[in-house]
Amino acid sequence: MSERIPAKIIDAAATRRTPADAGGPIHTKAFSGRYRLFRILGAGSLFALFFGTVWLTWNQRQAVLWDLVNRKFHIFGATFWPQDLILLSAILIIAAFGLFFITVAAGRIWCGYTCPQSVWTWVFMWAEKVTEGDRHQRVRLDAAPWSANKILRRGGKHAIWLGVSLLTALTFVGYFTPIRELTTGLLTLDLGSQAAFWVFFFTAATYINAGWLREKVCRDMCPYARFQSVMFDRDTLVISYDAARGEQRGPRRKDSDPAAQGLGDCIDCTLCVQVCPTGIDIRDGLQFECIGCAACIDACDSVMDKMGYARGLVSYTSESALEGGKTQWLRPRLVGYAGVLTLMIGLFVVALVERPLMSIDVTRDRNLFRENSAGQVENVYRLKVINKRQQPGSYQISLDAPDGFRLVSPDLLHLGAEDILDLPVNVIWEGEQWPEPRKEINFVLSAVDFVSNDVVADSTFLAPVRR
Ligand code: SF4
Ligand code: SF4
């Protein structure tokens with residue numbers, strides 16, 4: 001008995017929509033499979049992390065908060081100050097190298113599984129399916145005249161899109177403004193103009209990007225999509241159609257012998273095109289629009305199962321493997337990226353552990369120098385001492401300078417958690433001869449009640465030209 005793949009029955013006019021087809025939106029067919037499961041896991045983890053972390057509390061404070069007003073970044077037990085910006089920059093550089101490494105090894109796996117643009121688009125597609133039905137129903141709804149049913153379905157879809165967008169914006173802004181105050185402000189319509197602007201801005205950005213622009217962001221706007229192809233090599237994992245096995249494509253009966261008909265394994269059902277969120281046909285070869293989501297693999301594997309053929313007509317493979325060779329994992333470029341990445345992570349961890357939890361800045365007084373009542377030369381400085389810890393601390397300040405200089409400052413400084421102290425101090429020259437007109441001196445900040453390396457701030461002592 002013959003069996004045709006049902007997807008083949010779908011309206012021919014709507015079967016294939018590629019960017020080249022231009023015009024209406026791309027309606028993807030919903031599909032299940034093992035790679036879809038990975039995508040759901042990736043998206044689920046990202047969502048849980050994004051929407052959950054912002055509500056965590058640590059030491060009676062929001063656990064992760066970039067406090068722009070006070071210029072501090074709290075992440076659980078650690079607080080980063082503007083002086084620690086280099087560490088935050090290092091995280092971005094490590095993330096970039098991590099992305100290079102993953103791209104060389106497995107192509108656009110980031111785009112397909114965890115990129116927020118893709119993940120939010122999947123969620124918006126789900127909302128579309130819930131309200132307007134699967135692919136062919138949406139194509140029909142597009143073509144149908146406006147009716148109560150169409151308004152209701154469209155309205156429901158946009159309501160869900162706007163709801164998700166608002167939640168996304170609220171959460172994102174909540175990483176910069178305490179989320180509880182923000183939510184209360186939103187519910188009582190008392191957000192404040194700045195917060196209201198950013199919530200509105202990110203709601204609109206999410207709604208437009210994930211609802212309307214979708215694959216156009218990946219195709220026309222994302223710089224990563226453009227430059228990643230230069231990172232690919234012959235052993236990079238990409239999603240490919242095995243043309244040697246699939247061609248000559250064509251429909252056939254399930255129980256027929258394709259070889260006798262001169263056919264390959266592709267039954268030309270176009271299911272791989274219908275599930276593609278960027279609307280391309282993977283059988284045309286690797287295209288830069290492909291975000292590596294593997295939906296076409298799931299679709300084609302199910303077709304192969306139904307036909308009783310081996311899976312993998314569309315699969316993760318490499319150029320080398322497609323040409324009959326083996327994918328090389330230990331290749332210089334990949335090993336190089338892995339080495340640099342490991343080194344950078346190691347250096348970052350050391351820098352993080354060694355990061356001083358206090359800091360001192362010195363500003364010289366506007367007056368160059370003065371002579372005190374005892375006839376000694378004196379310079380005045382303003383010290384800014386910061387306790388970066390989330391606990392109070394005691395500190396001492398000393399002077400690292402040649403004999404003859406004396407620091408006049410309190411013996412012990414007590415600072416509360418994350419306190420900043422502005423402290424005027426004097427340095428006096430008590431030696432017998434006038435010092436040089438300009439002498440390098442250092443202020444040393446030492447922790448008293450916790451273990452930390454001393455922190456040094458350099459300055460100069462000015463004196464009149466030797467008489
Ligand atoms: S071609 Fe396949 S992997 Fe690429 S975007 Fe389309 S469905 Fe995803
Ligand atoms: S590659 Fe697979 S899913 Fe695509 S048309 Fe051929 S048989 Fe169908």
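Okay, let's start with the open sheet: 4 strands in the order β13-β11-β15-β16, with antiparallel pairing. Strands here are DSSP E runs of at least two residues, numbered from the N terminus, and two of them pair if DSSP finds at least two bridges between them. The edges are β13 (413-415) and β16, each pairing on one side only. On average, neighbouring strands in this sheet are turned by 30° against each other, direction ignored; the axes are lines fitted to C-alpha atoms, with angles from 0 to 180 degrees between N-to-C directions.

Quick housekeeping. This is a predicted model, where local features need pLDDT of at least 70, side-chain atom pairs count only at pLDDT 80 or more, and totals for chains, interfaces and linings use all residues. Residues are numbered from 1 along each chain as written, chains are lettered from A and ligands numbered from 1 in the order written, and side-chain values use heavy atoms, leaving out hydrogens and water.

Back to the sheet. Strand β11 (residues 393-400) is joined to β13 by 3 bridges, running antiparallel, and Y395 stands opposite L413 there.

Over on β16 (residues 455-462) we have T460. So is T460 buried or exposed? It counts as buried because its relative accessibility is 10%, and buried means under 20% relative accessible area with a 1.4 Å probe, protein chains only. Leaving aside residues up to four places away in sequence, T460 touches R364, N379, Y381, R438, K439, E440 and I441, where contact means heavy atoms within 4.5 Å.

Last one: strand β12 (residues 405-408) and strand β14 (residues 420-429) run antiparallel, joined by 4 bridges. F405 has W429 as its bridge partner in β14.

Key
Buried < 20%, exposed > 50% of the residue type's maximum accessible area, 1.4 Å probe, protein only.
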